[in-house]
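Student: I would like to learn how to read backbone angles and helix packing from a set of coordinates. Could we work through one case together?

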Amino acid sequence: MSSDFGYINARIRGMKAKLLEPEFYTQALADTDFRAFTGTVAQTSYVADLEEAQARTSGLEALDWAVAQNFRRTARSILDFSDGRPGELLTLFLLSYDLMNLKTLARAKHAGRDAESALDVALPAGEMRPALIETLAAAPDLPSMAQALAVTGHPLSRAFSAAVRRYAQEGELYTLELTLDRFCYKSLLDALDEYDAPRELRRHVKREIDATNLRTALKLRGRTVAREELYVPGGAEIDRGTFDAIIADTSKSALSALAGSAFAEVAETDSLSEADAVIRGILDESAHRVALSDPLGPGVALDFLRKKEAEAAKLRLLARGKFYDVPREQLERELGNA
């Protein structure tokens, strides 16, 4: 193991070379059905995970399991050759996937969906092992889920329990999610201060906070809500005034406040899904700039993990498209936004 980001990043660059190339997506789109698509996947670095998955189950479930397992194996292997401060910082990065999985499971409970629907999109890369995610998914309700997480002593367990208590009082899913966001971003910013992290990395994390606030404001436009409870502090460009104005004013002109910010392009979108895709692209580009600005810093891992996450999302989208026989033109269009 090494506490040197120079060594760690050299290993990550080797892993980056295994990301799926454009030729893979061209072939996958051309595949005639799900079986042909699975054959194409079997010719990539996913083959071992796919074979293991097919020994356990079949169809879409096998493909989802293989994608999740590949992501976890890749992400956790970075920790195997990292220690010291770099290892601690990378562990913190991976905690964001636990946050994402908790939110996904909470949404499923809130909507009354079955556990399988949440497991389909889980990416177990942080402290939560797949078995724990399955246990949480099987819990009958959110309080039971919070109890099961608390037993493990997971870093997010206290924040999740507090979020669930608040959800029990108000019944609003977004307050649960934002309670978790507030805790995680404060922890991350505190850690970056402690580690004296590079300025570009701090800027990126602040941009992620801005993105969270912008997404919240766009979803709640026109609604009467307690805005002070929903704003996540710590961002750089979406201040409280902009946040409030976007929620209160549903006209296109309210988005003019984004002009001059990194999120200006969002004002040109016509739907939440379009806006979300643009925001995701802005964050991808931001992470890439962090990696370029400091080749010997932690941004290389951050950029790689975002690219690997995007690859997983595209594979799952393609799998569903082939399984349900979605027309190629539609799938190609959706793939561009994945």
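**Reading helices and loops**

Tutor: Just after helix 6, Gly 112 takes a positive phi of about 75°; keep in mind throughout that this is a predicted model.

Student: What span does helix 6 reach from its first C-alpha to its last, and what is expected at 1.5 Å a residue?

Tutor: Helix 6, residues 84–111, has 28 residues and reaches 41 Å between its first and last C-alpha, which is close to the expected 40 Å.

Student: How should I describe the way two helices pack against each other?

Tutor: In general, a packed pair is described by the angle between the two axes and by the distance that separates those axes. Here, helix 5 (residues 59–80) and helix 6 have axes that come within 9 Å and cross at roughly 160°; because angles over 145 degrees count as roughly antiparallel, helix 5 is roughly antiparallel to helix 6. The crossing of these two helices is left-handed.

Student: Which residues make the contact between helix 5 and helix 6?

Tutor: Helix 5 contributes Phe 71, Ala 75, Arg 76, Ile 78 and Leu 79, while helix 6 contributes Gly 87, Leu 90, Thr 91, Leu 94 and Tyr 97. Sorted by class, the residues of this contact are seven nonpolar, two polar and one charged.

Student: At what angle do helix 2 and helix 16 pack, and how far apart are their axes?

Tutor: Helix 2 (residues 22–30) packs with helix 16 (residues 328–336) at an angle of about 150°, and their axes are 10 Å apart; the two helices are therefore roughly antiparallel to each other. Their crossing is right-handed. On the side of helix 2 the contact is made by Tyr 25, Thr 26, Leu 29 and Ala 30, and on the side of helix 16 by Arg 328, Leu 331, Glu 332 and Leu 335. Five of the residues in the contact of helix 2 with helix 16 are nonpolar, one is polar and two are charged.

Student: Where are Asp 196 and Asp 325 found, and is each buried or exposed?

Tutor: Asp 196 lies in the loop between helix 11 (173–194) and helix 12 (199–219), and with 67% relative accessibility it counts as exposed. Asp 325 lies in the loop between helix 15 (299–323) and helix 16, and because its relative accessibility is 62%, Asp 325 counts as exposed.

Note on methods
Residues numbered from 1 in each chain as written. Predicted model: local features only at pLDDT ≥ 70, side-chain atom pairs only at ≥ 80, totals over all residues. Heavy atoms only, no water. Axes fitted to C-alpha atoms, helices over the stretch in contact; angles between N-to-C directions. Helix = DSSP H or I, 4+ residues; strand = E, 2+ residues; numbered from the N terminus. Parallel < 35°, antiparallel > 145°, perpendicular 65-115°, else oblique. Left-handed = near helix turned anticlockwise from the far one by under 90°. Contact = heavy atoms within 4.5 Å. Nonpolar A, V, L, I, M, F, W, Y, C, P; charged D, E, K, R; others polar. Buried < 20%, exposed > 50% of the residue type's maximum accessible area, 1.4 Å probe, protein only. Expected span 1.5 Å × (residues − 1).
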